[in-house]
Amino acid sequence: MRVLVLGAGFGGLELTTRLSDEFGDEIEVVLIDQADSFVFGFSKLDVMFGRIVADAVRHPYRYLVKPGVRFVQSTIRAINPAARSVETDAGHFDGDFLVVALGADLDPGATPGLVEGGHEFYTVEGAFAARELLSAFDGGRVIVGVTSTPFKCPPAPSETVLLLHDYLVDRGLRERSQISLVMPLPVPIPPSPAASSALLEVFAQRDIGWYPNQLVRELDPSANVARFADGNEMPYELFLGVPTHRVPAVVAESGMTVNGWIPVNPLTLETSYPGVFAVGDVTSVGTPKAGVFSERQASVAAERIVSLIRGAPATSEYDGRGLCYLEFGHDEVARVEVTFLSGQPPIGNYDAPSETLFVEKAGFGAERIQRWFDRAWG
Ligand SMILES: Cc1cc2nc3c(=O)[nH]c(=O)nc-3n(C[C@H](O)[C@H](O)[C@H](O)COP(=O)(O)OP(=O)(O)OC[C@H]3O[C@@H](n4cnc5c(N)ncnc54)[C@H](O)[C@@H]3O)c2cc1C
């Protein structure tokens, strides 16, 4: 019995861990990823703002040594969902079950002028390079702007402007800088009115410009101007952009997508292909694109695969819950817990920013590294 897991991000790591815990070396789990290490999304902001060095946030897959699991570092070139097989640079693999957890790819080139006149900070490379860029920045107008929907971790642009504020204060540059946040959403975190009003309050207190219901459509690098979807313009000295998201090309070419993403049964994470599951950002399951949702979907997919292998009734169902830590700057973190149920408005709980939650967030990352890699972080 072999399970092929495509992608070793939040979803793939959780799924692999669950299967190994359950079966040990009774079954074979082949986990394939092109990268050599895992990086949390939130670590990108930590590196960008100089809170930690890049090497400290890379978790190399060579440490992923679990019973029954084989990690293959290779690029997946073709997926055949009907045959539950893939072609990779390391050869052909097939499985009794296939789980697609390949996330969302980022395409800065899709926004005219972004590559030439701005900087994306959503890829690992882009965020790490932004650290140098920020350290050379001498003050001026900064725009943090979203260029298309959907985008990963909808709170991240709000966190970015708050961390940027602190960063510029620490460097003595805040008074000669302006910070503007351009977002396609009406409020910073629509499922949590309490979190949204707390964010809008601190944006006002810290003189951060809030531009809702807007997308940045293009940059004009010669004029240093960002153009919005409604035709308005905003000048900048530094543009930090959230680029276009799409499924990896290999997923698009597999024929599994509908309207750009893989449709799944929202309760079971099954695709329309027998024995093939998809979890996380690569799907259109109906929750935001964030690691905590990918992880919970992966645990449901894992439990269903366990039941199918054991010949037991599969009862586990996805509940749409996710818990998100929100950087507020000033070394404080807030917590938002949201449940997305199909056909119903999302329900959210909000815990105000505190230093205690700052510590709890660090524990959240450390706990996962311990579980997925069987080693301490740091
Ligand atoms: C700045 C920022 C902050 C964030 N903060 C948070 C946060 O605080 N909390 C949170 O929950 N989420 C956060 N996120 C979002 C989170 O990082 C993603 O939503 C999450 O990683 C998605 O998990 P996934 O398993 O679906 O995909 P991913 O984690 O993206 O994993 C996909 C994997 O597939 C691999 N892959 C893709 N194509 C191929 C191929 N052709 N061949 C081989 N391998 C391939 C990739 O290398 C990758 O490792 C943040 C994101 C950003 C950018």
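1. **Hairpin β7-β8.** β7 and β8 form a hairpin with two residues between them. Strands here are DSSP runs of E, at least two residues long, and helices are runs of H or I of at least four, numbered from the N terminus. Four bridges join β7 to β8, and the two run antiparallel. Strands count as paired if DSSP finds at least two bridges between them.

2. **Basis of the model.** This is a predicted model, in which local features need pLDDT of at least 70, side-chain atom pairs count only at pLDDT 80 or more, and totals for chains, interfaces and linings use all residues. Residues are numbered from 1 along each chain as its sequence is written, and side-chain values use heavy atoms, with hydrogens and water left out.

3. **Hairpin β6-β7.** β6 and β7 also form a hairpin, with four residues between them. Arg84 sits in the turn and has a positive phi of about 50°. The strand β7 covers residues 85-88, and its antiparallel pairing with β6 runs over four bridges. Ile76 has Thr88 as its bridge partner in β7. Ala78 is bridged to Glu87 of β7.

4. **The sheet they build.** The order is β6-β7-β8, an open sheet of three strands with antiparallel pairing. β6 (76-80) and β8 (91-94) are the edge strands, each pairing on one side only. On average, neighbouring strands are turned by 20° against each other, direction ignored. Axes are lines fitted to C-alpha atoms, for helices over the stretch in contact, and angles run from 0 to 180 degrees between N-to-C directions.

5. **Ligand shell.** How many residues surround the ligand? The count is 29, and the closest are Gly11, Asp33, Ile76, Asp281 and Val292. A residue is near a molecule or strand if one of its heavy atoms lies within 4 Å of it. Ile76 belongs to this closest group and is also the residue bridged to Thr88 in β7. By class, the shell holds 14 nonpolar, eleven polar and four charged residues. For these classes, Ala, Val, Leu, Ile, Met, Phe, Trp, Tyr, Cys and Pro are nonpolar, Asp, Glu, Lys and Arg are charged, and the others, Gly among them, are polar.

6. **Helices at the ligand.** α1 (10-23), α2 (41-48) and α8 (291-310) each supply at least two shell residues. Which helix gives the most? That is α2, with four residues.

7. Check the oxygen atoms of the ligand here. One lies 2.9 Å from a polar backbone atom of Gly291. For Phe10, the distance from a polar backbone atom to a ligand oxygen is 3.3 Å. For Ala290, a backbone N or O atom is 3.4 Å from a ligand oxygen. A polar contact is a pair of N or O atoms within 3.5 Å; within protein, one must be able to donate a hydrogen and the other to accept it, and residues adjacent in sequence count only if both atoms are side-chain atoms. The protein covers 92% of the 1,000 Å² of accessible area that the ligand has on its own. Areas come from the Shrake-Rupley method with a 1.4 Å probe; for residues, only the protein chains shown count as cover.

8. **Helix pair α1-α8.** These two helices pack at an angle of about 35°, with axes 8 Å apart. The crossing of α1 past α8 is right-handed, meaning that the near helix is turned clockwise from the far one by less than a right angle. The residues of this contact divide into eleven nonpolar, four polar and six charged.

9. Most residues other than glycine have a negative phi, and most peptide bonds are trans. Thr149 and Pro150 are joined by a cis peptide bond, with omega about -5°. Pro150 lies in the loop between β12 (141-146) and α5 (156-170). Asn213 is not a glycine, yet has a positive phi of about 55°. Its loop runs between β14 (208-211) and β15 (216-220).

10. **Sheet β15-β16-β17.** Three strands form this open sheet, in that order, with antiparallel pairing. β15 and β17 (233-235) stand at the edges with a single partner strand each, so one side of each lacks a neighbour in the sheet. Neighbouring strands are turned by 25° on average, direction ignored. Three bridges join β16 (residues 225-228) to β17. Arg227 has Glu233 of β17 as its bridge partner.
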